[in-house]
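Visitor: I have a structure open and want to learn how to read it. Where do we begin?

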Amino acid sequence: MRVRLSHVTGHHPAAERDGVPAVRDLNITIEPGEQVAVIGPSGAGKTTFLQVICAAIKPSAGEVCLDDTDIWSLSTKHLQEIRGRLICAPQVPPLPPRQRVITSLIAGALPAMSLTQSLVNLIYPLKTSEAYQALEAFDVQDKLWNRVDRLSGGERQRVGLARILMAPASLWLIDEPLSALDPTRAEQAINSLVDRAAARGVTLITTLHQVDVARSKFSRVIGLRDGAVAFDLPAAQVTNGELSKLYAQHEHELSSLHVQHDALSTPA
Ligand SMILES: Nc1ncnc2c1ncn2[C@@H]1O[C@H](COP(=O)(O)OP(=O)(O)OP(=O)(O)O)[C@@H](O)[C@H]1O
């Protein structure tokens, strides 16, 4: 799916509409199949950026186009249709606590099922092997039949990522997918996401705090600061100088990431 933002300004839903916008005057085009990491200090507007793209937040100004359609010009029905073609995965996946992992995963696939399949699925879970394979990509397949509220935070995050693989979407918007994972799990998780997105031709946009992961695993990196684009560059051109400027006065966030993720490859 192609994403185009033109002069987009937006506020957090809980913020005053006449207050400081969370994102401002964004002009960004992301082509189908591109893999983009969005980085920046805490409060830079990364989550809001994803929410504007997935139509969870209506911008106060500007235009959001998905596959060249201005989404806010659509009828409610057509807006729902386009929402069904993307997945927006929050940092903490909203998995109902008493539900089994298998059920949560299959819920991710419902948009691709007929009504009959959905009803049959209530009694006899379909797509069990697909769900197992999705969990396997994040090494959490042994939890297939577990209840969600009996998982650790990291396991829950990995189940949330596996759920993305079940969805029939052509745009993945993923908010901080590695926040609860140790470096080894983080590397496995990001490899699974980028490899599968590439294999399916899915557009992948991920917010990250791990700048070394952004530079080593993604082809393009967007730096946000104070709601605006500080840089939008091929990953190979994101220098330490660019990162220093982006994280000025927030250096503790940058340095702690290097320490936390020094097991991941860091380009020169
Ligand atoms: N619950 C809230 N109520 C009001 N305003 C908020 C709220 N959450 C965020 N904002 C505003 O939106 C801005 C952008 O927040 P956003 O969550 O998009 O940043 P972020 O870059 O994702 O931060 P983080 O890395 O800490 O998750 C914040 O600086 C703040 O001004």
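Visitor: Which residue of β10 is the bridge partner of V221?

Guide: This is a predicted model. The partner of V221 in β10 is L233. Now take the whole strands. β9 (residues 220-225) pairs with β10 over six bridges, in the antiparallel sense.

Visitor: What is the order of the strands in the open sheet?

Guide: Read across the sheet, strand by strand. The order is β6-β7-β8-β3-β9-β10. That is six strands with mixed pairing. An edge strand pairs on one side only; here the edges are β6 (86-89) and β10 (228-234). Ignoring direction, neighbouring strands are turned by 15° against each other on average.

Visitor: Which strands does helix α1 lie across?

Guide: Helix α1 (residues 46-53) lies across β3, β6, β7, β8 and β9. Its direction is about 150° to β8.

Visitor: At what angle do α3 and α5 cross?

Guide: Compare the two helix axes. Those of α3 (residues 101-109) and α5 (residues 128-136) come within 10 Å and cross at roughly 100°. So α3 is roughly perpendicular to α5. I102, L105 and I106 of α3 meet T128, A131 and A134 of α5. Five of these contact residues are nonpolar, one is polar and none is charged.

Visitor: How is the protein divided into domains?

Guide: Domain 1 covers 1-85 + 169-268, and domain 2 covers 96-168. Each domain brings 13 residues to the contact. On the side of domain 1, α7 gives the most, with six residues. That side has eight nonpolar, three polar and two charged residues.

Definitions and conventions: Residues are numbered from 1 along each chain as its sequence is written. This is a predicted model: local features need pLDDT of at least 70, side-chain atom pairs count only at pLDDT 80 or more; totals for chains, interfaces and linings use all residues. Axes are lines fitted to C-alpha atoms, for helices over the stretch in contact, and angles run from 0 to 180 degrees between N-to-C directions. Helices (H or I, at least four residues) and strands (E, at least two) are DSSP runs, numbered from the N terminus. Angles under 35 degrees count as roughly parallel, over 145 as roughly antiparallel, 65 to 115 as roughly perpendicular and the rest as oblique. Two residues are in contact if their C-beta atoms, placed from the backbone, lie within 7 Å. Ala, Val, Leu, Ile, Met, Phe, Trp, Tyr, Cys and Pro count as nonpolar, Asp, Glu, Lys and Arg as charged, and the others, Gly among them, as polar. Domain bounds come from an automatic or database domain assignment. Two strands pair if DSSP finds at least two bridges between them.
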